[in-house]
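Subject: Structure handover

Hello,

Please find the structure we spoke about below. My notes come after it.

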Amino acid sequence: MDSTGWRAHKRAQEDDHYYQMQGQRGPDGRFVPVAEVGPLPDGSFASGFPIPGVPPSLPPRTRYPSTTHHSRHSSSDTRSSHVRSETATSMVRTDSAYMAQLPPAERARMQKAPRTDPYLQFMVGPLLRYDTVDENGLWHGAVMIVTADSGSSYEHHPTLTYQWDPEERVQPRAGQQNAGLAFDLGPHPADPHSTAMSPVTPVSGSFNYDDYKARSCAIGDQTQRVTGQEIYVYAGIGGTFTFWRFPIQIQLGNAELCIKYSINRSVQLSFFVPAINQNMRWATYSCNGFSAGVNQEEFKGPGFKSGYDPMWFDLLREHAREPFHVLVGGGDQLYCDSLTREPEMQDWIHETKSSVKLTYPVSPEMSACIDRFFFNHYCASFRNGAFARANSSIPMLNMCGKYLNKHAMIDGYGSYPDDLQSSPVFVAIGSRGYFFYLLFQCFINPYIDGLDDRRGTHPFKSLILGVRGPYVGLPSHSFLSYMGPNVRILMLDCRAERRKDRVCSSEEYRKVMEAISQMPPHVEHLIIQLGIPIAYPRMVFMESMMDYKLNPLTAIARSGHALTGFINKFNGEPELLDDLNDHWTAKTHKQERNWFIQQLQGISRMKRLRITFLSGDVHCAAVGVLKTLGGIPPAVDHRYMLNVITSAIVNTPPPVAVIAMVSTLANKTHKTLHHAETDEFMMPLFTHDPDGTPRDKNKVIMGRRNWCAVWWNRNSGEMVFDIRVEKGKGLGESVGYEVRTPPPQWAAGP
């Protein structure tokens with residue numbers, strides 16, 4: 001459900017009309033882009049460029065309201081550590097008073113912004129990506145940056161230096177033990193308000209997020225240097241821009257490690273890797289953007305620059321208390337709806353004849369516009385705010401399933417009729433959108449890295465390639481990654497091969513099932529990341545109404561007299577129909593969905609493997625349950641599978657009426673899989689609101705922004721999913737709702 005209400009639709013229509021009227025050519029004869037970003041100033045990492053559509057920045061707030069955080073280790077644990085979190089600028093206020101007493105030269109030295117040497121002019125980055133850990137305990141990942149060639153020195157290719165101390169121990173965060181303490185997230189490439197400062201006399205009791213980075217160059221440090229690989233060059237109006245990839249390999253040891261890294265001797269950043277026998281702690285999120293027409297101001301709490309930041313600050317605060325090893329993107333890592341507002345696209349968007357739109361040629365200007373938009377939008381989105389802080393301090397693992405679905409290209413891409421999906425403009429947007437997804441989020445250029453996933457042939461070891469998709473021109477890219485000795489995660493690509501009547505091809509399923517079957521026997525938990533929920537209330541009646549050829553609302557909207565937001569701008573079908581067609585429970589995917597679940601049930605039983613689904617998309621939190629009919633305890637039930645749904649970390653929840661409707665539908669009994677001895681229902685997890693108020697009616701759907709922390713409980717062997725729900729709109733604090741999946745306790749075999 002991606003509708004944000006009729007007011008949002010009306011606001012989006014007004015915005016579309018504005019951009020339609022703004023389309024004009026500049027003095028050079030080219031169209032003037034809606035938004036275009038330039039290099040970061042002075043070759044530094046710090047960015048002052050706002051995300052397109054986000055209001056101008058406000059000064060950083062001096063402190064956040066105190067909040068009580070639920071334990072991330074036990075549902076019965078009630079930790080009440082009140083955390084006063086501040087940005088880097090506000091944190092150094094006391095230190096500034098100290099520095100005011102120093103000589104001028106010393107003050108300047110301490111506040112001087114780090115610069116790369118040799119000089120690099122950054123467009124975005126550094127970005128971190130996690131791949132997997134191999135059978136020898138070698139951690140594989142990468143760093144990527146994008147630089148402006150006109151302002152950079154390439155006499156020597158950029159160099160990444162990373163180091164760690166094998167004897168160093170990651171200490172418990174001060175905020176876990178003491179109340180009322182501050183912490184500093186530290187200087188960061190994406191924070192225009194942060195100042196790179198040398199350590200000075202700390203505020204009493206404070207915890208500095210850069211404590212580990214300050215201990216660089218210690219005796220015994222392991223240091224590695226990697227020369228950047230040039231994997232792509234984007235040629236735009238402003239010149240050329242180079243993508244540099246730096247592969248990283250780290251031998252895991254007996255203790256968790258802090259890895260410090262820098263590029264060309266500039267500001268040092270850090271991330272964490274687990275011990276060799278440790279199952280990872282990780283965070284997952286989805287829907288990192290606002291739908292068209294949403295008033296972002298409503299989600300911007302006091303002192304935040306935009307409505308994007310509050311829940312990301314909450315995630316980073318948890319990372320500072322106890323570090324995450326991986327950041328899993330479950331879909332919609334950014335929103336690209338505004339591509340349709342670019343001036344070169346207006347003639348196609350507003351073409352009223354379907355026959356003309358289906359054959360509309362892609363002009364060189366349109367082709368350049370599509371690349372320009374994706375490049376600029378990625379740079380602007382991935383280098384700003386708290387999200388950018390996260391993607392350079394927690395290695396990312398991103399999926400494509402939801403990402404190409406709703407917002408990164410065209411809303412509902414892959415779920416439109418074949419004639420529209422095969423049209424030249426749709427194919428151009430799909431193929432380039434998928435390419436830039438692979439480039440920016442997976443650090444993969446398929447035209448350089450190749451399309452062979454056999455062992456040792458591809459830079460990323462976790463990759464599982466499917467067959468060439470019908471509309472994107474490339475095969476699906478799924479990933480099966482190590483998350484600890486007992487845990488694996490499958491990032492299933494549910495978009496590249498999608499058609500209106502298919503989610504994944506039989507070949508993709510075959511290769512994925514084969515990879516799962518080869519996992520070692522000590523793996524007990526498999527988490528399958530799907531962009532869209534697989535166990536969720538049905539919308540059959542709405543799907544039928546939207547698909548009805550004589551739908552009176554569709555006829556009124558097509559007439560242009562009213563309800564124009566009710567239909568999409570591509571083929572005149574109801575706006576929500578593509579959303580409904582995308583769902584696993586849609587009538588076009590129902591048979592495939594049931595087959596997929598039954599195949600996984602067989603694997604679960606044979607390999608003694610607990611399978612859990614993780615999803616986003618629906619802009620609310622929920623937990624679906626699949627289980628054996630009858631009263632079998634979950635621990636011995638191989639059919640017991642949860643679908644943990646966490647969405648959205650940024651976007652607005654659905655209207656109250658929609659949430660009420662979905663909650664009502666959740667009470668309906670579904671017999672779809674009764675023939676396979678499988679029952680399904682929604683878990684009543686949300687018995688209380690985040691403020692503690694009891695919920696009498698809707699206990700299965702939580703319509704607030706959220707993200708999810710995940711870890712393995714070493715005492716019980718359970719996987720713990722802690723859904724972190726926004727306590728108050730825009731305040732940047734959350735309350736946890738835990739759900740657990742037991743380890744498998746049945747004998748492996750048929």
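This is a predicted model: local features need pLDDT of at least 70, side-chain atom pairs count only at pLDDT 80 or more; totals for chains, interfaces and linings use all residues.

Residues are numbered from 1 along each chain as its sequence is written, and side-chain values use heavy atoms, with hydrogens and water left out.

Arg 432 sits in helix α12, residues 424-442 (helices are DSSP runs of H or I with at least four residues, numbered from the N terminus). Arg 432 counts as partly exposed because its relative accessibility is 22% (buried means under 20% relative accessible area, exposed over 50%, and partly exposed in between, with a 1.4 Å probe and protein chains only). Setting aside neighbours within four places in sequence, Arg 432 is in contact with Tyr 232, Ile 370, Asp 371 and Phe 374 (contact means heavy atoms within 4.5 Å). Of these, Phe 374 is 58 residues from Arg 432 in sequence, and their C-alpha atoms are 8.2 Å apart.

The structure holds zero disulfides (a disulfide is a pair of cysteine sulfur atoms within 2.5 Å). For Cys 287, the nearest cysteine sulfur belongs to Cys 620 and is 9.7 Å away. Cys 287 is buried, at 0% relative accessibility. Cys 379 is buried too, with a relative accessible area of 0%.

Lys 590 is in helix α18, residues 590-607, and is partly exposed at 38% relative accessibility. Lys 590 and Arg 502 are 88 residues apart along the chain, with 9.9 Å between their C-alpha atoms.

Regards

Note on methods: Helices (H or I, at least four residues) and strands (E, at least two) are DSSP runs, numbered from the N terminus.
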